[in-house]
Amino acid sequence: MAAPGRAAAGWVRAALGVWRWSRGGAAGGPHAAAPSRCCHAPGSAMDHFLGVVKPGPAPAPPAPVVALHPDKQALLLAHPPDMPENSRILRVVILGAPNAGKSTLSNQLLGHKVFPVSKKVHTTRRQALGVITEEETQVVLLDTPGLISPTKQKRHNLEQSLLKDPWRSMEAADLVVVLVDVSDKWTRNRLNPQVLRCLSQFSQVPSILVMNKVDCLKQKAVLLELTATLTEGVVSGKELQIKSTFPVSKPQKASAEPNPEASRGLRERVGWPHFQEIFMLSALNQEDVETLKQYLLAQAQPGPWEFHSEVLTSQTPQEISANVIREKLLEHLPQEVPYSVHQETRLWEEGPNGELVILQDLLVFKESHVRILIGQSGQLINQIAQEAIQDLRNIFLCDVQLRLSVKLRR
């Protein structure tokens, strides 16, 4: 039964002799001064009927994604895990080609924006950890850079971390999530060669396939063909009753031993026949991501936690802020310009009113890049700073003062 309207509620109160008095008089009148009187107890069925809501306890204020002070974050990371006796643990590596949506998926699984996200490739430049802790289970997410070849690393003068971190992550992994962007028609018809190489070298590690950005596909039938192709028609040891229109290599037995013949065969392969499960989702859809999250929690095995339950990421606050600024640089600067910007934080401190004060230099090698980065009348650098400030406020839950200085690096 719906709660009565204001007029009906007043009539019901009058009929039942329910009066609430205040020091200013009956129902706010100027003359009455009697104490409050009511014929029923607060929170009773009558209060519910009348739509009188009993105020509950105030909700706890939200906690920042990471502690504002670096020392506090370091102490939290060093703190012994507060795990229960029946603790469970799972270490997950998310692999994929550059810009497949790995960081977006990681952020959604964590429920917070922890890793930088951009439409440009190589937004994530080095391995970073995210931690999900629910009840007795802890899942450690290893957000890795997109896998690239040594040739591309040298050609674009990229950091060694882009080349080495994904392989290092695999050594500690309990499960591999292979992420494929099915909206990219140029790359979706085969697994990234570096991903295949990684899966083959660490074939003893269980893996699942996650087909991302399915909401961008107009023809959903394409998903069936892609599934047959990317799995070579085999999932969890069972053949799929789906035929692929793309060329599919013959499934090969997984082996942890280096094999020259297998290496040559990898160049011809387009899929991996040893996935345990397949997920089709949009990383931006929380319901889809929750299904994957529950699967990961269920895969955890008995074992000690690695982090305290309050830890959400292994990153320092300075690293998070630098990543946020770099994300904005990637979003607003053309082509190769953002990759040539070197960031140097000159000041990081708490102001007199609790605000976070950051001064960061953006160093570039070309005068033309200085002009591009500043923009007409300083409009672009101001926009980058304002957008970064908004994200940093949401992360640290405090006011942020950010000053970005563009300088020519000699």
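Val-93 lies in strand β3 (residues 88-96), strands being DSSP runs of E of at least two residues and helices runs of H or I of at least four, numbered from the N terminus. At 0% relative accessibility, Val-93 is buried; buried denotes under 20% relative accessible area, exposed over 50% and partly exposed in between, with a 1.4 Å probe and protein chains only. The C-alpha atoms of Val-93 and Leu-141 are 6.2 Å apart, although 48 residues separate the two along the chain.

The model is a predicted one, in which local features need pLDDT of at least 70 and side-chain atom pairs count only at pLDDT 80 or more, while totals for chains, interfaces and linings use all residues. Residues are numbered from 1 along each chain as its sequence is written, and side-chain values use heavy atoms, with hydrogens and water left out.

The chain contains 13 helices and 14 strands. Of its 410 residues, 46% count as buried. Among contacts (heavy atoms within 4.5 Å) between residues at least 6 apart in sequence, 68% join residues at least 24 apart.

Ser-282 is found in the loop between β10 (275-280) and α10 (286-299). Ser-282 is buried, its relative accessible area being 8%. Leaving aside residues up to four places away in sequence, Ser-282 touches Asn-212, Lys-213, Val-214, Asp-215, Asp-288 and Val-289. With Asp-215 there is a polar contact between side chains, at 3.3 Å; a polar contact is a pair of N or O atoms within 3.5 Å, where within protein one must be able to donate a hydrogen and the other to accept it, and residues adjacent in sequence count only if both atoms are side-chain atoms.

Helix α11 (residues 317-332) is largely enclosed by the rest of the structure, because 12 of its 16 residues are buried. Among these are Pro-317, Ile-320, Arg-326, Glu-327 and Lys-328. The elements covering the buried residues of α11 include α3 (70-78), β12 (342-350), β13 (356-364), α12, α13 and β14 (400-408).

Two of these elements, α12 and α13, also pack against each other. The axes of α12 (residues 367-374) and α13 (residues 379-396) come within 5 Å and cross at roughly 60 degrees. The two helices are therefore oblique to each other; angles under 35 degrees count as roughly parallel, over 145 as roughly antiparallel, 65 to 115 as roughly perpendicular and the rest as oblique. Ile-372, Leu-373 and Ile-374 of α12 meet Gln-379, Leu-380, Ile-381 and Ile-384 of α13.

How values were computed
Axes are lines fitted to C-alpha atoms, for helices over the stretch in contact, and angles run from 0 to 180 degrees between N-to-C directions.
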